[in-house]
Every structure is written in structure tokens, then in C-alpha cells.
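This report covers selected residues, salt bridges and a charged surface patch. The sequence and structure come first.

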Amino acid sequence: MAKPEEPPKADGAKNAKKKGDLDVEPGLLAEEELSEEDQKLKDDLELMVTRVGDADKGVQKLAIDSLGNEIRTATSSMTSVPKPLKFLRPHYETLRAALEGMAPGAPNREALADVVSVLAMTSSEEGSRETLKYKLQGEVADVAKWGHEYIRHLAGEIGEEYEERRGADRPVDDLMALVDQIVPYDMTHNAEPEAVDLLLEVERIPLLEEHADDKNYARTCLYLLGCHSYLPEPDDATVLRTAFNIYSKVGKHSDALRMALKLGSRELAEQAFAATAGDTFHQKQLAYILGRHGLALNLEDGPAAVADDDLREQLAQIMSNTKLSDQYLSLARDLDIMEAKTPEDVYKMHLVEGRAPAGPAVDSARANLASTFVNAFVNAGFGQDKLVTATSEDEQVHWIFKNKDHGKMSATASLGTVLLWDVEGGLPQIDRFLYSTDNQVVAGALLAVGIVNCGVLDEVDPALALLSDYVSKDDPQTRIGAILGLGIAYAGREKEEVAELLLPLVMDTDLSVEVSSIAALSLALVFQGTANGDAVEAVLQALMLRGESDLTQPGGRLMCLALGLLFLHRQGAVDATLEVAKTLDERVSRFLQVILDVCAYAGTGDVLKVQQLLAICGEHIEAEEGTAWKTLHQSVAVLGLGLLAMSEELGGQMSHRALEHLLQYGEPAVRRAVPLALALLNVSSPDMSVMDTLSRLSHDTDTDVAMNAVLALGLIGAGTNNARLAGILRNLSSYYYKEPTLLFLVRVAQGLVHMGKGLLTLNPYHSDNTLLNGTALAGILAVLLAGGLDMKATLAGKQHYLLYCLTPAMKPRMLMTVDEAGQMLPCPVRVGTAVDTVAQAGRPKTITGFQTHTTPVLLSVGERAELGTEKYIPASSTLEGVVILRENPDYVEMHE
């Protein structure tokens with residue numbers, strides 16, 4: 001009996017609803033007089049809602065199908081709700097009640113559930129997830145027919161539901177069935193970022209690989225890379241791994257290789273290289289990228305083996321950077337700056353108004369030492385200068401001997417910087433100083449040998465052959481030269497022979513702490529980021545066995561830094577060593593813990609770590625005269641803020657803001673490190689506001705802050721020839737004319753700004769800011785930490801040779817296009833400021849404010865280049881460093 005009475009009940013409910021409707025929304029109806037069409041649509045929809053409650057299944061089916069059809073076919077402007085959804089809003093409860101009233105499995109139930117699910121988008125309460133609830137009761141097969149907005153809504157609810165079920169350990173298979181529907185739809189409808197977001201929420205990122213093709217891979221991988229900076233461990237690696245697989249699938253080997261390098265995985269790099277077998281065009285390009293990143297693959301045997309002998313030799317040459325010197329010089333010739341510069345050309349003293357340094361205040365040995373560094377940096381890599389390589393006989397005294405004691409070492413070593421990368425031409429010129437009777441000169445010559453070989457691999461390993469005998473000499477200075485030379489020559493090369501030489505020196509407690517700490521630093525440069533067990537053990541042992549007096553010297557701190565560099569970028573791998581660090585002498589324990597932490601998470605932008613560091617910076621520690629070590633870890637924490645956030649723009653801006661606060665409210669130890677953190681965030685990138693902040697700090701009453709700010713000014717402008725910065729430094733040179741230490745640092749900064757006459761950069765990031773070169777970062781950190789924490793004792797004292805640790809970071813900031821044979825191939829390119837195009841619709845421009853130049857061209861930090869012609873096809877999607885071009889077979893010349 002109950003059955004026939006059902007329709008009137010529904011009808012009654014509907015009429016009640018209608019009356020209620022008029023009560024609730026008289027304003028709406030009075031305001032919008034509905035047009036005839038709309039009125040008809042409204043009446044039709046209401047009729048259909050009535051029919052849904054009909055006892056006749058046929059009538060019911062027709063009504064549900066018509067409702068669905070109306071909703072699907074309704075088109076509306078982007079900003080307003082489609083009309084059927086608007087008119088059906090008051091009837092949502094009615095339809096829902098009708099659905100709940102049907103027995104599970106009843107005919108038409110699934111179709112009605114679908115309709116209710118779509119209506120729930122606009123009608124259900126926030127957070128009730130009814131769209132998903134009813135979709136799961138409806139037909140799972142066709143999500144796509146309800147359109148894009150519905151799918152977005154559904155994906156959002158799936159994410160929330162998944163989170164909840166995972167927390168309660170409930171199965172999620174039904175959700176996955178929906179995900180399998182949604183992802184292919186998103187991937188084929190230009191909604192790749194939404195597909196990635198959904199898969200990140202449900203932890204199924206590898207699913208992307210099967211749906212990526214040559215149409216959507218670019219946007220997908222760009223978005224994956226964009227997400228990478230904001231994901232916690234292990235997800236960040238999964239994302240890169242997926243991008244690697246997608247790039248490999250669509251044959252973009254240069255991009256796949258970049259992902260492998262970003263993951264720091266040698267085997268994936270070999271896999272990407274092996275995938276190009278038989279394609280010399282791409283193989284050589286990958287070799288250039290590997291050379292720039294400083295990773296040499298084994299081409300003899302293993303997965304990346306190359307069968308053809310000639311080709312293998314060519315690839316090995318490219319990968320080991322033997323041609324780097326020639327390419328750099330051809331760039332210089334092209335820009336017409338081969339003429340050697342003297343330090344006076346850099347100081348431009350005639351432009352300085354007022355007090356020129358004169359009289360007894362000038363320390364001539366100090367001034368000569370400063371000129372040595374300026375000369376080394378300005379003529380870096382040019383192979384000729386007017387001080388150390390000048391061969392004129394009429395000069396009675398060679399420049400090297402115009403320096404005092406320890407100055408001679410740096411002066412001789414500067415020869416290495418001038419001859420940078422030119423192993424064959426450089427070693428003979430350095431050789432004669434190895435036979436000098438003056439130990440300082442020999443030490444400098446040994447360091448020069450290491451510097452010349454920096455970043456260049458040679459089959460005969462000249463650096464190892466020349467330096468290994470001197471490592472065990474009695475004279476400490478000679479030893480230091482040889483040890484640091486080895487560290488710089490093999491930076492990032494993980495060479496076992498070097499470890500065999502240096503490990504005993506690190507652990508030998510009879511040696512002075514200076515020699516041992518330089519050995520530890522060199523070891524760390526060679527094995528940076530590898531967490532090499534022997535090296536870690538040796539440094540930890542040294543820190544345990546050394547006495548208190550040793551540990552509080554700069555040498556003790558260098559050892560701590562060395563341990564940190566071994567874990568550079570290794571994240572969780574550092575945990576065990578951190579536990580050991582807690583057991584060490586209190587004088588280094590906190591300091592070492594913070595160093596390990598910041599190095600391990602360098603460039604990850606890890607938010608939790610940043611919060612810990614800010615907490616450390618905020619501590620107030622009472623330190624008397626003799627216990628300055630108590631606050632040292634705070635300085636490292638500040639540096640860590642810069643180190644963690646340097647990988648992406650957003651974090652960088654937030655760090656700048658945090659550093660600004662620390663300047664205003666921080667303790668002295670915290671303030672001292674702020675300029676260094678600013679330098680790390682803006683290496684070779686002279687940003688106006690940062691420049692002003694540092695310029696202000698360089699006049700600070702606390703001389704430590706002022707010294708660090710001057711060094712930082714040099715680093716942010718390194719190799720940019722920035723005129724405004726050069727002006728600031730010139731004014732500082734007249735301001736500090738009575739302070740030899742500060743004047744020395746101002747000079748060094750001037751040298752850095754004009755480094756390589758503006759052709760070099762120290763920026764550790766390359767390949768469009770995606771890849772971090774750990775060796776470069778390690779070198780910069782060695783200078784910042786050694787100098788920044790104890791400037792007077794190290795860089796401005798007797799350990800000024802540590803400045804040469806910047807060598808591994810010096811790289812030409814060029815874009816050079818060559819043909820497959822490696823000959824220069826001039827070609828028009830557009831160079832402009834890079835624009836972030838992640839997840840933007842359409843095909844947005846990737847650069848703005850560009851100018852067209854002919855290669856070779858210089859790229860500053862934050863600039864990007866693209867080819868200005870379709871005549872050539874590049875082998876790499878990122879135009880940076882050396883790029884190989886081949887002619888485009890489909891190109892037709894247009895005659896204007």
C-alpha cells in the first residue's frame with residue numbers, strides 16, 4: 001500500500017519547498033524577472049525533480065537522464081553558476097532524500113547518485129565531501145563527462161578523504177579507481193599541474209609516467225621541478241625521479257641528465273648518458289653538462305662505456321674540461337678584453353675624492369698583498385698579467401719577492417689563478433718556483449699547481465704526481481701549500497689516492513692544528529657531499545683527540561666545517577654523526593651540530609630547520625672575554641638561514657626579511673654573520689637593496705660586522721663589473737685609508753667584483769638555477785666561515801691563502817654555441833631576465849626585456865637565453881655554457 005503513495009509525498013515535499021522558496025527568496029525573484037526561456041527551464045527542471053520520485057522506473061530513468069543532460073549541456077560564463085545548477089539548488093535536499101530512499105542496487109540509483117554528486121558541488125555544506133560520497137555510489141566509469149570544474153572539485157575532496165583514511169588505516173582502493181580516471185583526463189586537457197597535485201596528495205606520483213607524452217611532458221616536468229623545493233624528504237626525490245623517467249621516455253636526454261645530477265645520482269647520470277648511445281650530437285652535449293657540473297663518468301667500461309676510440313677520447317676531453325681554457329680565451333678575444341689589467345686599473349684611485357692613502361698609515365707589504373689578490377682575480381684564466389707572469393728582465397725584483405714572508409706564498413699561488421685551467425701551458429711557468437730556496441715560495445708554487453688543475457681532469461694527473469711528495473715535508477708551510485693544492489685540484493672528484501695521502505695528516509695530533517685542519521678541509525673539498533666513511537671518521541677522531549686550546553683556534557673550526565662539507569646536501573644521512581657531535585668537548589659541540597645541520601640541508605629550503613635556526617639566533621647567551629666560543633654557533637645558524645634558502649626565490653625573500661630583523665634585534669655574534677648570509681643568498685648577483693644594506697653595514701661601529709660586510713660586497717658582485725658596486729668600494733677605500741686590515745679587504749672585494757674582467761661568476765647554481773654545484777658551494781663556504789668567524793686571524797691575518805678556495809666556484813658565465821666538431825658557431829640569441837612560467841596557461845614567454853646578441857654572450861644571474869633563429873636546433877633545452885647546434889633540415893630562409 002505504501003508504494004503508490006510515494007509520488008504524492010514527494011510532490012507534497014516539492015510544493016512545500018516551492019512555497020518555502022517564495023518565502024525565502026522573494027527579493028531574488030522580484031529583482032530578476034526571469035525571461036521566458038529561463039522560466040520554462042525552471043518549470044521543466046521542477047517537473048523532472050517531481051518525476052524522479054515517480055514509481056514507474058521508465059519515467060524515473062527519463063527524468064534522471066534529462067536532468068543530467070540539462071546540467072551537462074548548460075554553458076555559462078566563467079564567473080556565474082550554470083542556470084540548471086542555480087535552479088536546482090532548492091531541490092538538492094529533495095533529490096538527496098529520493099536517493100537515500102532507494103534501495104542499494106535499485107535501477108537508476110547510480111545515475112541519480114551522479115546527478116546528486118554534481119549538484120553537491122554548489123549545494124552541499126563546506127567540508128561535507130558529498131560530491132565524492134555520492135560519486136562513489138554512482139557510476140565510477142565516466143568522470144570526464146561532467147566537465148573540468150567538477151573534476152577539480154572531486155580531486156580536492158579525494159585528497160582530503162585520502163588523508164583521513166590513511167590516518168585511520170582504512171582501504172583507499174575506491175578512491176584510486178577515481179584517481180585512475182581523473183589523471184588521464186587532466187593530462188590530456190592541459191591541466192597537468194592539477195594531475196600532479198592530486199597524485200602528490202595520494203602519494204602516487206610515478207603514475208604520471210604512463211600518461212606523459214611529447215605534448216604535455218614540458219609543463220608536467222616544470223611543475224614537478226617547481227614542487228620539488230617545497231616537499232619533505234623522500235617525496236622530493238620521488239618527484240625528481242619521476243621527472244627523470246618522463247624526460248627519458250620522451251627522449252629529452254639533456255633534461256633527464258639534469259634531473260639525475262639534481263638527485264646526485266651517478267647511476268642515473270650513466271643511464272641518461274647510455275640512452276644517447278650512437279647519437280654523437282646529444283652525447284657531446286651531455287658531456288659538456290657533466291663537465292660543467294664536475295662529474296666525470298667512466299667511458300671505458302660500465303653502463304656509460306663508449307666503444308668507438310676516437311669518440312671516447314673526444315667525449316673524455318669535453319667531460320674533463322681540457323678545452324675550457326681555449327673556449328674562455330676565445331670568448332675574451334671575441335669581447336676584445338685580452339689586454340692584461342693592473343691593480344691600479346681596478347682601484348681607479350684618480351676617481352677617489354679627498355684622502356688618498358698616503359704617508360706612514362699605509363702598510364706597503366699589506367698593500368702589495370692586496371694587489372696580488374686583485375691581480376689574480378682580475379686576470380683569472382687569461383694566462384697573462386703584468387705582475388707575476390711578466391717576463392721583462394729589466395725589473396730587478398720579481399713581484400713575488402716584493403711581498404713579506406707569508407705574503408710570498410699567496411703571491412706565487414696567484415700565478416695559478418692567472419693560468420687557471422691551462423694545464424699544459426701553465427705548469428712549465430710555475431715549475432721554476434718549485435726549486436726556490438724560500439719555503440714560502442715553494443708552498444705558493446705547490447698551491448698554484450693545484451689551482452691550475454682545478455676543474456680540469458688530465459690523464460697523467462700532474463697535480464697528484466707533483467704534490468704527493470711535498471705532503472710529508474717537514475716545513476709546515478710547504479705542507480699546507482701541497483695539501484690545499486690537492487684539495488683544490490681534485491675538488492669534487494672523490495679521488496681515493498688523495499684520501500690516502502691526507503687521512504693520516506688529519507688524524508696526526510703531533511702536527512700543528514693549522515696543517516691538520518687544512519688537510520681536513522682539502523679532504524672535504526675532494527669528497528664534498530659523499531659522506532665518505534673514512535673521511536668522516538678521521539675528522540671526528542681528530543676533533544676528539546685535540547685539546548681545548550686547539551679546538552678554539554680557527555683550525556678547530558675549519559675541521560668542523562670540513563665535517564659539515566662531507567655531508568653537504570645529504571639531508572638525513574647526517575643523523576648518526578650529529579649524535580656523535582653531541583658527545584664532543586663543549587667548546588665545539590654546539591658549533592659542530594649547527595654546522596652539520598645547515599650543510600646537510602643546504603639548498604633544500606626545509607622550513608622546520610629554518611625555524612630551529614631562528615630559535616638559535618634568538619637565544620641570549622652571556623659570554624665573557626674568554627668564552628667567546630659560547631656564541632659561535634649562533635653565527636653559523638645565521639649563515640644557515642642563507643644556505644637553506646638559496647635554492648629558490650620565495651625562500652630567499654623570506655630569509656632577507658628574517659635577516660633584516662636579526663640586524664635590528666640580534667646579539668653581536670648574530671649581527672656579525674648577517675652580511676655573510678646575505679652574500680650567500682646573492683652570490684654574483686648584485687641586487688640593489690642588498691647592496692645598500694651591505695654598504696650601510698660596511699660603516700658599522702663593530703669592526704667585525706664591517707669586515708664581513710666588505711667581503712660580502714665582493715661576493716655579491718663577483719665577476720659582474722657592477723659600476724655602482726665599484727663606486728661603493730672606491731669610497732670605502734678612502735674611508736678606511738688608515739685601517740690596513742679593512743683597506744686590504746676592500747681591495748680584495750674590488751678584485752672580486754672585476755673577477756676575470758667580468759667573464760666569471762661564483763654562483764654555485766647553474767643550468768637555469770636548477771643544479772647546485774656542491775664543489776663551488778663548498779669553496780664559498782670555506783671562505784665565508786673561515787673568514788667570517790675570525791677574519792683577523794684568517795683572511796686578514798696569515799691564512800689569506802684560504803681565499804683561493806674560491807677557485808672551484810669560478811666558472812665562465814658564458815653561452816657559447818659550437819657545431820658538432822666543437823668549432824665556434826656564431827648565432828643570434830635573445831638574452832633577457834628569466835620569467836617563472838611554472839603552471840601558467842598557454843605558452844608564456846620565458847624571458848622578458850630581452851636584447852638580441854650574437855654568441856658568445858655573457859649571462860648574469862637570473863638571466864636566460866633562447867635562440868633567436870630557427871636555422872639551428874640546440875642539443876640542450878637550457879642554453880648555458882657550451883651548447884651544440886645542428887642545422888634545422890626544415891628551415892627555409894625568408895627573404896625580406
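Asp255 is in contact (heavy atoms within 4.5 Å) with Tyr247, Ser877 and Thr878, leaving aside its neighbours within four places in sequence. Asp255 sits in helix 15 (residues 253-263); helices (H or I, at least four residues) and strands (E, at least two) are DSSP runs, numbered from the N terminus. With a relative accessible area of 9%, Asp255 is buried; buried means under 20% relative accessible area, exposed over 50%, and partly exposed in between (1.4 Å probe, protein chains only).

The model is predicted: local features need pLDDT of at least 70, side-chain atom pairs count only at pLDDT 80 or more, and totals for chains, interfaces and linings use all residues. Residues are numbered from 1 along each chain as its sequence is written, and side-chain values use heavy atoms, with hydrogens and water left out.

Thr807 lies in the loop between helix 43 (794-798) and strand 4 (811-812) and is buried, at 1% relative accessibility. Not counting residues up to four places away in sequence, Thr807 touches Leu420, Ile451, Cys454 and Ile488. Gly779 is 28 residues from Thr807 in sequence and 7.3 Å from Thr807 in space, C-alpha to C-alpha.

## Salt bridges

The structure holds 37 salt bridges, each a side-chain nitrogen of Lys or Arg within 4 Å of a carboxyl oxygen of Asp or Glu. One of them joins Glu164 and Arg129 at 2.6 Å, N to O. Glu164 is in helix 9 (residues 148-167) and Arg129 in the loop between helix 7 (109-123) and helix 8 (130-137), so this pair ties together parts that are 35 residues apart in sequence. Glu164 is partly exposed at 44%, whereas Arg129 is buried at 14% relative accessibility.

Glu548 and Arg587 form a salt bridge with their closest N and O atoms 3.0 Å apart. Glu548 lies in helix 30 (residues 548-551) and Arg587 in helix 33 (residues 586-600), so the pair ties together parts 39 residues apart in sequence.

## Negative patch

Glu494, Glu496, Glu497, Glu500, Asp534 and Glu537 gather in a surface patch of negative charge. Patches are made of residues with over 30% relative accessible area and no salt bridge, like charges being joined within 9 Å and nonpolar side chains (Val, Leu, Ile, Met, Phe, Trp, Tyr) within 5 Å. Helix 27 (496-507) and helix 29 (533-545) each supply at least two residues of the patch, and helix 27 gives the most, with three. Glu497, in helix 27, is partly exposed at 37% relative accessibility.

Technical notes. Areas by Shrake-Rupley, 256 points an atom, 1.4 Å probe, with all protein chains shown as cover. Lys, Arg positive; Asp, Glu negative; His and termini not counted. Charge placed at Lys NZ, Arg CZ, Asp CG, Glu CD.
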